[in-house]
Structures are given as structure tokens and as C-alpha cells.
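Here's a quick briefing to read alongside the model.

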Amino acid sequence: MPKGSPELTASRREEIINACEKLYETMSFKEITIKEIGAVTSFTRTSIYNYFQTKEEIFLALMQREYELWAQELSALAEEKEGMTAEDFADTLAKSLEKRQQLLKLLAMNHYDMEENSRAERLTDFKVAYGASLDAVRACLRKFFPNTDRESFIFVFFPFLFGVYPYTFATEKQLSAMREAKMDFKMHSIYEIIYSCVMQLLGGTR
């Protein structure tokens, strides 16, 4: 770890993560390298290795941040609201994930490789954030839908999130292939897919 204040370390880590996020808007995971990330930061590529050992660690940190922000939003919801209907909760959860498109895109990648190519301490940091998002959803369910089987909801909903992005975004090449294959297929929005899933899991419960 480089010498310097915790604030400087955190600031530089954040700059690296932001650079990776910006590149990921127009480039694929395979195309992005430490060199590419270094080119859009204020310090050298070599310096990045003081903070992250692999590009997978950077992507994992980006996903960790997305989970942290989502968990914070859901925790605030559980604290501030006295009650919610199934429709209101499905609407709120769908909108919260609509804002987390980056998280859904990352989940559609090879999650296993990102974790496998990261140091144990970085993976632990990520798992803390992931666990917080699980707990935040549980807290909402416990407060708003006490008769719902929370673990069954979690068991279906979180794995379901891995497949949301491919069903809501497609490249022109993918769309062309579907047209050539004469597939009867309609793209849906993140909101539509999440809302529908949550309503089915809650059974329309009020």
C-alpha cells in the first residue's frame, strides 16, 4: 500500500474506479486494460498497482461501490417508510435498479473470473457490500411484508438480477442475429422486468 493519508489513498482509488467506469461505457471488459485505465487518470499506470493488482480488482471495486449505493438507498427506504403496498415496493425497487444499470451490466459479466483474480482482502470487501445489499432487501421485506418468505424471495431475486441486463440491452449485431433467426423476441426495460419479477414474488400482497 502506498504511503500517504487515508484520504489520499481513498481519493486515488476512487479516481481509478471512476476511470474504469467511464471506459466501460464504450469499451468491453476484454478491451479495457490497466494501461487504458492509467491513460485517463492523473498518475502513471505503474502507480495503479499500488492500489489494485489486477483489472479484475478494479472492476470488483466498481461493483462493490454499486452494491454499497444500492444498499444505502434500500436501508433508507426501510427506515423512512412506515408501510408499502406490493405495487409501491415493486415500483421503488425497479426504479432503484434502473439507476444501477452499471451494476446489472457488471453482473452479466463473468463474475467468477473477477472474484478469482482478486486478492482475498479485496474479495472480502466486496462480499461485505454484497451482504449489505442482501440485508437491506431483507429489512424492507421484514418491515413491509412480514408474512413473506424472505429467504425464498432472496433466493430467486438476486440470481435473477444476473440475467436482467442481457434482456434489456442488445448490440446491433445481436439484434441483427435475432432478426435473421426470425426470433419472436421483444426487448423490455429494466423497470418492466424488475417490477414484474417483484410483483410475482410478492404475489400482489398488500
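Searching the whole structure turns up 13 salt bridges, meaning a side-chain nitrogen of Lys or Arg within 4 Å of a carboxyl oxygen of Asp or Glu. Bear in mind that this is a predicted model, where local features need pLDDT of at least 70, side-chain atom pairs count only at pLDDT 80 or more, and totals for chains, interfaces and linings use all residues. Residues are numbered from 1 along each chain as its sequence is written, and side-chain values use heavy atoms, with hydrogens and water left out.

**Around Arg119**
- Glu57 pairs with Arg119 in a salt bridge, with the closest N and O atoms 2.7 Å apart.
- That pair ties together distant parts of the chain, 62 residues apart: Glu57 sits in helix α4 and Arg119 in the loop between α7 and α8. Helices here are DSSP runs (H or I, at least four residues), numbered from the N terminus.
- Glu57 is buried at 2% relative accessible area, while Arg119 is partly exposed at 23%. Buried means under 20%, exposed over 50%, and partly exposed in between (1.4 Å probe, protein chains only).
- Arg119 also bridges to Glu121, the closest N and O atoms being 4.0 Å apart.

**Helix α8**
- Within α8, Arg122 and Asp125 form a salt bridge, with their closest N and O atoms 2.9 Å apart; they're three residues apart, about one turn of the helix.
- Arg122 is buried at 16% relative accessible area, whereas Asp125 is partly exposed at 30%.

Definitions and conventions:
Helix = DSSP H or I, 4+ residues; strand = E, 2+ residues; numbered from the N terminus.
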